[in-house]
Amino acid sequence: NIRRNLSLRPDRLITFNPIAAQYVRTINSNQIVETIPFGIDPAEFTPDGKALTTGLSQPCIMLVADLDRRNDQRIELAIEAVAHLPKVSLLICGEGADCNYYQNLGERKLGRDRYQIRSFAYAQMPQVYRSANIFTSAAKQVPYGLKYVEAMASGLPVVTTDNQVSRYLVGNAGIFCDVTDIDKYAKALKLALTKHWYQGQPRQNALRFSWQGIALLYYQAVLKTITASNC
């Protein structure tokens, strides 16, 4: 996608994370490129408000993903890691071709009282996030990371794959680990559940992605492009 966009010779190219921007510069060092991430409404995604009642045992870990084994979400790793934590439950939000596969796997590893797969309308997601204690993802890559930001804005710390994009998105609001090492993944989840997150770190980190700030970045980018074209 980046190479295709560069072939259009844009006056200014917007990427969603600085790692993508660095990649653009390796292809074309003369291309003007800026990083403007996806944004959220922090008044909609907030720790305050009604939470969804799931009936799952507490504490609850939440995951949002397309239920398709062909993608790189690696949902089975999260299921295995949570299975190492007695009494901890896992709520998976999503749908897809392999829903039955993941339903059977989760029930076998965790039991019905500790595991659910459910699908929700987007308008319900703030309540869903508030029903959980932490958010996790074992995905290899998250170029946009919107679900991470929504979770953090809702007050949830994040446990996820250790890579540059995840570190850019999550900052000090989560824990990074080698999710393919189930013992390490389980320990990271346990630490996130027991750790005191200083002064609402997840929420504060998510405010970096407020739509108000994102809109200002786009406005500034447009002004700079217009100014440059008039010179």
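1. How far apart are the end C-alpha atoms of α4, and what span should its 12 residues have at 1.5 Å a residue? The 12 residues of α4 should span 16 Å, and the end C-alpha atoms are 16 Å apart, which agrees. The expected span of a helix is 1.5 Å times one less than its number of residues. Helices (H or I, at least four residues) and strands (E, at least two) are DSSP runs, numbered from the N terminus.

2. The model discussed here is predicted: local features need pLDDT of at least 70, side-chain atom pairs count only at pLDDT 80 or more, and totals for chains, interfaces and linings use all residues. Residues are numbered from 1 along each chain as its sequence is written, and side-chain values use heavy atoms, with hydrogens and water left out.

3. The surroundings of α4 may be described next. Its buried residues are Y102, Q103, L105, G106 and L110; buried means under 20% relative accessible area, exposed over 50%, and partly exposed in between (1.4 Å probe, protein chains only). These buried residues of α4 pack against α3, β4 and β5 (115-118), where contact means heavy atoms within 4.5 Å. Just after α4, G111 takes a positive phi of about 90°.

4. L67 is found in the loop between β3 and α3. At 0% relative accessibility, L67 counts as buried. Leaving aside neighbours within four places in sequence, the contacts of L67 include I75, I92, D98, Y102 and I117. Y102, one of these contacts, is also among the buried residues of α4. The C-alpha atoms of L67 and V158 are separated by 20 Å, and the two residues are 91 residues apart along the chain.

5. In β7, V158 stands opposite F135. Strand β6 (residues 134-137) pairs with strand β7 (residues 158-161) in the parallel sense over 3 bridges; two strands pair if DSSP finds at least two bridges between them. Strand β7 also runs parallel to strand β8 (residues 174-177), to which 4 bridges join it. T160 has F176 in β8 as its bridge partner.

6. What handedness does the unit made by β7, helix α7 (residues 164-170) and β8 have? The three elements make a right-handed β-α-β unit. A crossover is right-handed if, with the strands pointing away from the viewer, the path from the first strand over the helix to the second runs clockwise.

7. Helix α8 (residues 182-194) has 13 residues, which should span 18 Å at 1.5 Å a residue; its end C-alpha atoms are 18 Å apart, which agrees. In α8, the residues I182, Y185, A186, A188, L189 and A192 are buried. Seen down the axis of α8, its buried residues fall within an arc of 160°, so they line one face of the helix. The arc is that of the directions from the helix axis to the C-beta atoms. The face of α8 turned away from the buried side carries the exposed residues K187, K190 and T194. The buried residues of α8 pack against β3 (60-64), α3 (75-83), β6, β7 and β8.

8. A search of the whole structure finds 7 salt bridges, each being a side-chain nitrogen of Lys or Arg within 4 Å of a carboxyl oxygen of Asp or Glu. In one of them, the side chains of E34 and R12 meet at 2.7 Å, N to O. This pair links distant parts of the chain: E34 is in strand β2 (residues 33-35), while R12 is in the loop between α1 (2-7) and β1 (13-15), 22 residues apart. E34 counts as buried at 17% relative accessibility, and R12 counts as buried at 18%.

9. K224 forms a salt bridge with E34, the closest N and O atoms being 3.0 Å apart. K224 is in helix α10 (residues 211-230) and E34 in strand β2, 190 residues apart. At 41% relative accessibility, K224 counts as partly exposed.

10. Another salt bridge joins R69 and D98, with the closest N and O atoms 3.4 Å apart. R69 lies in the loop between β3 and α3 and D98 in the loop between β4 (89-93) and α4 (99-110), so the pair ties together parts that are 29 residues apart in sequence. R69 is partly exposed, with a relative accessible area of 47%, whereas D98 is buried, with 14%. Salt bridges that share partners join R12, E34 and K224 into one network.
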